[in-house]
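Work through these exercises with the sequence and the structure open side by side. Try each task before reading its solution.

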Amino acid sequence: MSRHSFLESTLQGFTRAVAKALQSEHAASQPGLLQQLDPRVRVIGTFALVVSVILCRRLEAIAAILLVAIAIAVASRVSLAALAKRVWLVILGFTGVIALPALFITPGEPLFTSPALHLSISAQGVRTAVLLVLRVETAATLTTVLVLSTAWTHILKALRSLHLPAEIVTMLAMTHRYVFLLIETANQMFESRKSRTVGVLSGAERRRMTARTAGVLLSKSIELSQEVYLAMLSRGFRGEVRLLTDFRLKPRDYVGLTAFLFTGCLAVWMGR
Amino acid sequence: MLSRGPTYNNAPVEIDEIMHIPDGYLSPSTCGTLYLFAAWGWYAALKRIKQLLATRAIPLISVFAAFSFVVMMFNVPLPGGTTGHAVGVGVAAIVLGPWGSILAISIALAIQALFFGDGGITTLGANCFNMAIVGSFTAYVVYRTIATNSNLKSRQRVVAAAVAGYVAINASALVTAVELGIQPMLFHDASGTPLYAPYPLHVAIPAMMIGHLTLAGLAEAVISAGMVSYLQRADLGLLRGVSGLGQTPGTIIAGASPERSQGRLWWAVALLMLFTPLGILAAGTAWGEWSSADLMNPHTREQIAAASGNHAPPSSVPVGIERLSTLWTAPFPGYAPGFIKSPVFGYLLSAMFGVGFLVLASLLGRAVGRKWPGGNLRS
Amino acid sequence: MASTFEVQDISFSYEAIPAIRGLTLHIGEGDRVALLGANGSGKSTLLRILDALYFPSAGTVTFKGEALTEKHLQEEEFSLNFRRRVALVFQNPDVQLFNPTVFDEIAYGPLQLQWGKEDVIRRVDETLEFMSISHLRDRPPYRLSGGEKKRVALASVLVLDPEVLLLDEPTATLDPKSQSQVVDLIQQWKGTARTVITATHQLEIVEDIADRVFVLEAGTVIAEGTPAEILSNTDLLLRANLIHAHRHSHGGVVHSHPHLHGHSRHEHEH
């Protein structure tokens with residue numbers, strides 16, 4: 001076991017986060033189906049389909065939406081391998097494992113009994129486990145495709161024009177912008193601590209190192225926020241936030257929106 | 001050993017400590033209700049923070065949200081050689097006060113869901129309610145109660161921070177567990193299949209609490225205590241909280257108005273009380289929450305059959321239920337203290353107890369905030 | 001000559017630490033001024049006071065006859081007017097790039113001043129062209145290099161065509177090419193009505209960017225003059241910690257003399 005394994009995991013987490021961001025940027029610039037649509041339509045449409053997923057009561061309907069989601073992904077040049085790695089396998093490993101005991105402990109008619117282990121799997125158990133996993137997979141596929149195909153600034157502007165308060169949108173924007181700066185700062189701090197540490201640290205020492213890094217990061221963050229505040233004041237900020245929204249709906253957007261809503265409603269109706 | 005397992009929130013998954021509920025675990029009505037609760041929290045927090053910090057609010061909350069996002073990615077080494085993840089709600093409540101903390105943590109969660117695609121979008125309201133709102137208030141109240149008016153540099157503050165972080169995470173976990181646990185009872189199809197989260201309360205609660213009482217709670221305690229300790233040496237001003245942070249030229253700090261926010265709190269409590277009798281939906285025993293005894297009693301077996309689309313329950317107690325039923329004995333077994341026969345009354349009583357607890361917590365928060373001025377909020 | 005800034009005997013402290021003590025100076029319209037000082041001499045603080053971000057605890061500051069006080073800046077009309085006419089470029093560009101993309105960043109100023117949408121877009125594109133950064137239009141700030149960030153920061157203030165530019169260490173941490181680009185820009189404004197006040201500790205650019213120099217030390221002005229006068233006064237520069245006395249040995253003899261890095265060979269007696 002590496003002596004700095006806890007640092008390694010954290011550092012890897014940072015790398016993954018930045019990689020995800022770059023992945024997003026790349027996919028958003030592809031000439032695919034979703035990319036052609038107004039971001040507001042994409043956001044509303046995706047949300048509508050996810051709501052449909054949780055309204056459906058039947059496996060078949062949810063599976064149908066999953067197929068639709070995959071089709072949209074392919075049409076929008078989102079790599080299925082990326083989806084598999086980022087969404088499908090992760091969820092199988094997480095929700096899949098969570099759902100496993102449900103096979104055994106959900107009351108209902110037994111499908112399969114193992115007399116040796118005194119365990120039986122009920123039909124209801126199977127259904128509920130599959131339902132859960134399918135729902136989670138489908139919803140996550142939809143949101144991931146949205147996130148991959150849409151630039152962050154467009155998501156923000158879509159939220160703003162859907163009447164989310166300007167302050168909230170500004171805070172989301174600013175937070176996102178500074179997340180990467182702080183990731184880099186934290187990365188540097190951990191790297192330098194890693195290289196300066198000789199020998200194996202005790203548990204208490206490692207805790208202190210982590211907490212201290214967090215503390216330094218906090219001080220820098222507050223200082224950063226104070227400087228940003230001054231910079232905002234210097235450019236005329238007086239408390240009100242003014243944003244530029246320049247979206248115009250084209251005919252294809254209406255078509256897209258209708259398609260999303262229709263699919264959602266159909267699935268819910270058939271899956272009731 | 002470098003774990004190459006599945007990742008969630010850019011960190012290797014440790015199953016027992018995930019509190020971010022993905023889409024699909026909660027029914028639409030649960031999601032909607034919790035979104036409403038969360039929206040109330042966000043609205044109230046935004047108003048209060050604008051009062052307290054005026055123009056300073058936007059950069060401060062944003063950068064703090066970025067900070068807590070990054071802290072959520074830290075692997076915190078724990079006693080015993082394992083690692084856990086903190087949320088940062090302890091530090092946020094201490095430095096920003098509960099309202100600022102609600103906003104900062106909510107924004108971090110929103111970025112996770114909307115930009116990184118981690119965490120559900122229908123469950124964002126629920127996650128914010130559980131972690132940002134319940135977590136922040138709990139952390140704040142516990143911290144102020146234990147820290148009292150002690151010297152900013154005292155050990156008492158560090159201990160207060162540790163306990164506050166620990167209790168806050170476990171409170172969040174409990175609320176999450178309850179939300180998940182009531183799903184099978186309320187939302188199932190005719191054959192008895194749970195439609196969303198499949199585990200009833202007496203499974204969900206121990207399952208979630210064990211992971212958080214041990215790992216996540218400790219991680220939060222370590223980070224909260226460690227950071228307060230660091231700030232005591234390096235940046236004392238931050239421990240003074242929001243009133244200290246507002247000191248910048250051009251900031252207009254209006255007086256806070258406690259009366260109006262109290263009125264809203266009572267409304268929220270009233271609403272909650274209205275919702276709790278939902279537990280009395282099922283006649284007799286709640287569906288799914290059968291004890292082993294219920295399954296053996298012929299009378300209740302008939303009831304169960306009737307409630308389950310006329311499918312007879314298994315003739316012997318499923319081993320799973322047998323095993324798990326001993327794990328958790330609710331303080332009110334069968335939700336009714338011995339002398340009360342009627343289950344309806346039992347539900348009412350439990351509801352009262354739960355709500356009373358909440359009211360107590362908020363009253364405590366108000367009293368604590370008033371009694372020790374110079375704290376984070378002038379309320 | 002019309003006066004731009006009149007600073008009369010001001011003092012300012014951070015918490016209990018004094019940063020400016022009894023500082024007085026006058027800057028006229030179209031002046032190109034350098035504030036020379038080591039780190040901690042108070043030059044950054046002075047720039048922020050000139051930009052009405054901090055207010056002195058004693059003394060007065062006026063801009064074109066108008067007093068810069070906290071109360072005055074809370075008036076909307078005066079404040080918007082002032083913010084358009086006076087611009088500060090911060091030393092750390094990350095602090096100044098707080099918008100999601102380069103376009104949004106440059107558009108921020110005009111938007112706060114409530115310009116119309118078409119005007120904003122047109123003006124931003126013009127500025128992008130002017131600074132040769134049109135290709136960075138939709139880039140988020142965390143994907144910019146140091147030099148690019150500085151150019152975007154400059155663009156974000158130039159978009160409003162300010163009368164006064166306050167530059168805080170504009171060339172620090174830049175590679176030589178980016179440095180010379182910034183210096184060229186400042187040189188372009190020589191002889192125009194634009195007032196440029198640059199705070200720096202880099203002696204080698206002073207001649208190019210300023211006609212007048214104020215030397216700061218410990219929060220007050222210790223000397224004033226032309227670049228030639230100031231740069232030749234080695235005692236002054238030593239005192240202000242802008243150069244150092246460097247010891248070296250050759251031929252078995254050790255001696256020290258003050259000198260400036262960046263100058264090539266120099267002859268000396270020994």
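## Exercise 1: a strand residue in chain C

C:L216 sits in strand β9 (residues 212-217) of chain C. This is a predicted model.

**Task.** Decide whether C:L216 is buried or exposed.

**Solution.** 
1. Count the C-beta atoms inside 10 Å of C:L216: there are 25.
2. Apply the cut-off: a residue with 20 or more such neighbours is buried.
3. C:L216 therefore counts as buried.
4. Now list its contacts, leaving aside neighbours within four places in sequence. They are C:L35, C:L36, C:G37, C:S41, C:G42, C:K43 and C:V221.
5. Check one more pair. C:L216 and C:P18 are 198 residues apart along the chain, and their C-alpha atoms are separated by 14 Å.

## Exercise 2: a helix residue in chain B

**Task.** Repeat the burial test for B:V167: is this residue buried or exposed?

**Solution.** 
1. Locate the residue. B:V167 lies in helix α5 (residues 155-181) of chain B.
2. Count again: 21 C-beta neighbours fall inside 10 Å, so B:V167 counts as buried.
3. Look beyond four places in sequence. There B:V167 is in contact with B:T138 and B:V142.
4. For a distance check, take B:F37. It is 130 residues away along the chain, and the two C-alpha atoms are separated by 21 Å.

## Exercise 3: two chain contacts

**Solution.** 
1. Start with A and B. Here 88 residues of chain A are in contact with 79 residues of chain B.
2. Find the leading element on the chain A side. α8(A) gives the largest share, 21 residues.
3. Sort that side by class: 50 nonpolar, 25 polar and 13 charged.
4. Move to C and A. This contact takes 27 residues from chain C and 23 from chain A.
5. Name the elements on the chain C side. α3 (76-85), α4 (93-96), α5 (102-112) and α6 (117-130) of chain C each supply at least two residues.
6. Among them, α5(C) gives the largest share, five residues.
7. Sort the chain C side: 15 nonpolar, six polar and six charged.

## Exercise 4: domains of chain A

**Solution.** 
1. Domain 1 covers 1-29 + 157-241, and domain 2 covers 31-150 + 246-270.
2. Take the centres over C-alpha atoms: 31 Å separate them.
3. Count the contact. Eight residues of domain 1 are in contact with 12 residues of domain 2.
4. On the domain 1 side, α1 and α6 of chain A give two or more residues each.
5. The largest share, four residues, comes from α1(A).
6. By class, the domain 1 side has four nonpolar, three polar and one charged residues.
7. Look at α1(A) itself. It has 24 residues and reaches 34 Å, close to the 34 Å expected at 1.5 Å a residue.
8. Its buried residues include A:F6, A:L7, A:F14 and A:A28.

## Exercise 5: confidence

**Task.** Where in chain C is confidence lowest, and where highest?

**Solution.** 
1. Begin with the whole chain. Chain C has a mean pLDDT of 87, and 90% of its residues reach 70 or more.
2. Confidence is lowest in strand β12 (residues 253-259), at a mean of 64, and highest in strand β6 (residues 86-89), at 95.
3. Check residues 262-266 of chain C. Their pLDDT is below 50, and beyond near neighbours in sequence this stretch has two contacts in the model.
4. Where pLDDT is low, the predicted coordinates should not be read in detail.
5. Finish with the model scores: ipTM 0.90 and pTM 0.79.

Methods:
Residues are numbered from 1 along each chain as its sequence is written. Chains are lettered from A and ligands numbered from 1 in the order in which they are written. This is a predicted model: local features need pLDDT of at least 70, side-chain atom pairs count only at pLDDT 80 or more; totals for chains, interfaces and linings use all residues. Two residues are in contact if their C-beta atoms, placed from the backbone, lie within 7 Å. Ala, Val, Leu, Ile, Met, Phe, Trp, Tyr, Cys and Pro count as nonpolar, Asp, Glu, Lys and Arg as charged, and the others, Gly among them, as polar. A residue is buried if 20 or more other C-beta atoms lie within 10 Å of its own, exposed if 12 or fewer, and partly exposed in between; C-beta atoms are placed from the backbone. Domain bounds come from an automatic or database domain assignment. pLDDT is the predictor's confidence in each residue, from 0 to 100. The expected span of a helix is 1.5 Å times one less than its number of residues.
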